[in-house]
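Let's take a walk through a protein model together, one piece at a time. Keep the picture open and turn it as you read.

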Amino acid sequence: MRIAHIITGLGTGGAETMLAKLIEALPPPEHEHVVMPLLSGGVLAARIAAAGGQIVDAGIPRSPRALLSLARLRRLVQEARADVVQGWMYHGNLVASLAASGKPVLWGIRQTLSSISHVRPMTRAVIIASVPFAFRTNRIIYNATLSAADHERLGFPAKKRAYIPNGFDTLRFRPMPEASAALRAELGLAENVRLIGRVARDDAIKDHETLFAAFARVASSDPACHLVCVGRGMLPGRPRLDALTTQHGLAGRVHLLGERLNMPELTAAFDLALSTSRHSEGFSNAIGEAMAAGVPVIATEVGEAKEILGDSTRIVSAADPEALAECCLRLLALSPAQLAALGTADRARIEERYAMPGVARRFALAWQEALNGIGPN
């Protein structure tokens, strides 16, 4: 089977990472993947190509002008000789429907949407424009049941709903006892330093304001703790991040590493992993990857976090730095053996429920059923 994937770009975001993992789990020759990023570049392109995916750069701007390039997009899809077209995220979904040229189309929606006002104006326009096209898809694949409910309130057809959670490669993301020492050495930190990690791009929905405020409380109680932030845009010199560091007196205690490709090693190096999103999170890759690495997680009650983690004592309200700090300090007070037991249980939950092979098979079945004309009318 040959699948054309239309996606906004190939950065290290959740949808892009999930696509890379899916291609690795369903490689050629049984599944041939043609990936069409609308925006050029992206650090995951090499990983996708190494897994056997063919990259066809659509070079389409994420703006109203994209609609002027439909003839080119249709030609690219035809040249790809795809059996089905899979869209990823709002812009990719709409373009997939407009360019599919009669091929079965599936959409991928990767976030919750409690309020359409939470998204940027251009994305809001794309969502609204997508509603009539949603009825013509074969399926709309959501990675969170809350996400499906949110979009169906906006007019997306409930009968097209399919739920497939994110999957995780438990061979790549696994406990690595040596990782913590390696990261401390890279950062020039003492052996007794404990690392609290947050993996997320620099975006308002990730709520770094709450993260920094909570960590300031933790740091004042535990001088051995440092915060490590990884993700697109999480770099020194960003005015907002520098202001947060100064505001909370965290100079030397916060390490901004930016976008990195060695995420398994970085994640395994954390003593605790946090997810502090304020809204719009669907099925967090960062939570699942930390759990697979055996790192205890604390998360805000957004999206599927509570279902993924399966432990309500480590779920806190969004935008509540006091509650987040209190939960961090409670876990940091546990013995090493108790923390290790939490991490072991978290990894077992990922292996049981969200291992990548089973998730990939669900995508493959959805594509095959679309090709065979099976699906809701």
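Which residues in H3 meet Val95, Leu98 and Ala99 in H4? They are Leu70, Leu73, Arg74 and Val77, where meeting, or contact, means having heavy atoms within 4.5 Å. Before we go on, a word on what you're looking at: this is a predicted model, in which local features need pLDDT of at least 70 and side-chain atom pairs count only at pLDDT 80 or more, while totals for chains, interfaces and linings use all residues. Residues are numbered from 1 along each chain as its sequence is written, and side-chain values use heavy atoms, with hydrogens and water left out. The labels come from DSSP runs numbered from the N terminus: helices are H or I runs of at least four residues, and strands are E runs of at least two.

Back to our two helices. H3 and H4 pack at an angle of about 80°, with axes 9 Å apart; the axes are lines fitted to C-alpha atoms, for helices over the stretch in contact, and the angles run from 0 to 180 degrees between N-to-C directions. That makes H3 roughly perpendicular to H4, since angles of 65 to 115 degrees get that name, with under 35 being roughly parallel, over 145 roughly antiparallel and the rest oblique.

Now look at H4 itself, residues 89–99. Because 9 of its 11 residues are buried, H4 is largely enclosed by the rest of the structure. Buried means under 20% relative accessible area, exposed means over 50%, and partly exposed is in between, using a 1.4 Å probe and protein chains only. Among the buried ones are Tyr90, His91 and Leu94. And what covers them? The cover for the buried residues of H4 includes strands E1, E4 and E5, along with helices H3, H5 and H6. Just after H4, Ser101 takes a positive phi of about 55°.

Next, hop over to H8 (residues 208–221) and H13 (residues 321–332). Their axes come within 8 Å and cross at roughly 45°, so H8 and H13 are oblique to each other. In H8, the residues that meet H13 include Ala213, Ala214 and Val218, and their partners' side includes Leu324, Ala325 and Leu329.

The structure holds 22 of them. Asp203 forms one with Arg120, the closest N and O atoms being 3.5 Å apart. That pair links distant parts of the chain, 83 residues apart: Asp203 is in the loop between E8 and H8, and Arg120 is in the loop between E5 and H5. Asp203 counts as buried because its relative accessibility is 12%, whereas Arg120, at 59%, counts as exposed.

Arg153 and Asp150 make another salt bridge, with their closest N and O atoms 2.2 Å apart. Being 3 residues apart in helix H6, they are separated by about one helical turn. Arg153 counts as exposed at 62%, while Asp150 is buried at 9%.

Last stop: Lys206 and Glu281 form a salt bridge with closest N and O atoms 3.0 Å apart, and both residues are buried. There's also a network, in which salt bridges that share partners join Asp202, Glu209, Arg238 and Arg240.

Conventions:
Salt bridge = Lys/Arg side-chain N within 4 Å of Asp/Glu carboxyl O.
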